[in-house]
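Here is a short note for a colleague who is new to reading protein models. Please keep the sequence and the structure open while going through the points.

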Amino acid sequence: MSSSFEKYQKRRLISSYFSVVISISLVLFLLGLLGLLVLNSKKVADYFKEQIAITVFLKDTAKEVEITQLKQSLALAEYTKSATFVSKEDAAKEHQETLGENFIEYLGENPLQNSIDVYILADYVTPAKMEEITNELKSKDFVDDVIYDKPLIAQLTENVKRISFWVLVISGIFTFIAVLLINSSIRLSIYAKRFTIKTMQMVGATKKFIRKPFVWKSVRLGIVGAIVAMIGMGVVLYYLNESFPQLQLLGDPLLLAVLFIFIFLMGVLITWISTFIATQRFLNLRTDDLYY
């Protein structure tokens, strides 16, 4: 009978530890994913910004040397990510593939112009800077026109600011929720042992002596939970990097290392503080209050 009861107690204890580890792992995993989003939100925004091009249309009278000089100056410009020359013949072929018919035969001539597609670095993709670049290019005599999607730039800039703000707000809220959830799991675990705590206190054990094994046990569970969470984050990060290599999610190992260390420390600190507070509460309770 005694042996059966001991096995039952041991199963309950293992189940309790398992529940705490799973709770900590899930919360830290979600917190880590949010951290990855925060760290890479700028990369994602920059990626979409750098897909926007300024198209410089050249006059038919533009000389070869002028075009060559413009291409070289654009390639060396501080705001340029890449610049591609598109001849009127290549543009015509692209339009024919899109339309599915030869419009040159219908019109009798090629109405398109030579152009240069300039892809801008993300830091320069703002309404003010794009307008400044456009005016600079338009000032050249052999440039016929310069166009880009103004409404899209304005909307993208506004949306990036709005999304960045809300990501920070949600990160703060979620961090607070993560602390509460882990704290609740630890408190429930300690609550199940409140009579053991009070019994040790009644036979003369000091508060520090009673608290120490509970704190270290919880910290170990926090470490295990943090490790499980970091493994899950690593798997997700690897999958995302393989699926979207253009985002270069592994491009900054130092920031990723800081994030993983943060998750590990969160697992240790929250469990330590929660256990300390929970055990202190039951140590300060009267014996009669333990039943409520």
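1. Basis. This is a predicted model, in which local features need pLDDT of at least 70, side-chain atom pairs count only at pLDDT 80 or more, and totals for chains, interfaces and linings use all residues. Residues are numbered from 1 along each chain as its sequence is written, and side-chain values use heavy atoms, with hydrogens and water left out.

2. Overall fold. The protein has nine helices and four strands (DSSP runs numbered from the N terminus: helices are H or I with at least four residues, strands are E with at least two). Their order along the sequence is α-β-α-β-α-α-β-α-β-α-α-α-α. Contacts (heavy atoms within 4.5 Å) with a separation of 6 or more come to 82% from residues 24 or more positions apart.

3. Surface and burial. Of the 292 residues, 35% count as buried (under 20% relative accessible area; exposed is over 50%, partly exposed in between; 1.4 Å probe, protein chains only). The accessible surface is about 18,200 Å², and 63% of this belongs to carbon and sulfur atoms. Such areas come from the Shrake-Rupley method with a 1.4 Å probe; for residues, only the protein chains shown count as cover.

4. Annotated spans. An unreviewed UniProt entry annotates residues 12–39, 163–184, 221–241 and 253–278 as "transmembrane region"; annotations of this kind may be inferred rather than shown by experiment. In the model, residues 221–241 are 100% helix, with end C-alpha atoms 30 Å apart. Residues 253–278 are also 100% helix, and there the end C-alpha atoms are 37 Å apart.

5. Nonpolar cores. Which residues touch the most other members of the largest nonpolar core? Among its 27 residues, they are Ile24, Leu28, Leu31, Ile182, Ile186, Ile190 and Ile263. (A nonpolar core is a set of buried Ala, Val, Leu, Ile, Met, Phe, Trp, Tyr and Cys residues joined through side-chain atoms within 4.5 Å.) Helix 1 (2–49), helix 6 (150–191), helix 8 (207–243) and helix 9 each supply at least two residues of this core. Helix 8 gives the most, with eight residues. Another core of 25 residues lies apart from it, including Ile52, Leu70, Ile120 and Tyr148.

6. Isoleucine 182. This residue lies in helix 6 and is buried, at 1% relative accessible area. Leaving aside residues up to four places away in sequence, isoleucine 182 touches Ile24, Val27, Leu28, Ile270 and Thr271. The C-alpha atom of isoleucine 182 is 9.5 Å from that of valine 21, although the two are 161 residues apart along the chain.

7. Salt bridges. The structure holds two salt bridges (a side-chain nitrogen of Lys or Arg within 4 Å of a carboxyl oxygen of Asp or Glu). Glutamate 50 pairs with lysine 81, with the closest N and O atoms 3.2 Å apart. Glutamate 50 sits in the loop between helix 1 and strand 1 (53–58), and lysine 81 in strand 2 (residues 80–86). Glutamate 50 is buried at 17%, whereas lysine 81 is partly exposed at 46%. The other bridge joins lysine 150 and glutamate 131 (3.5 Å, N to O).
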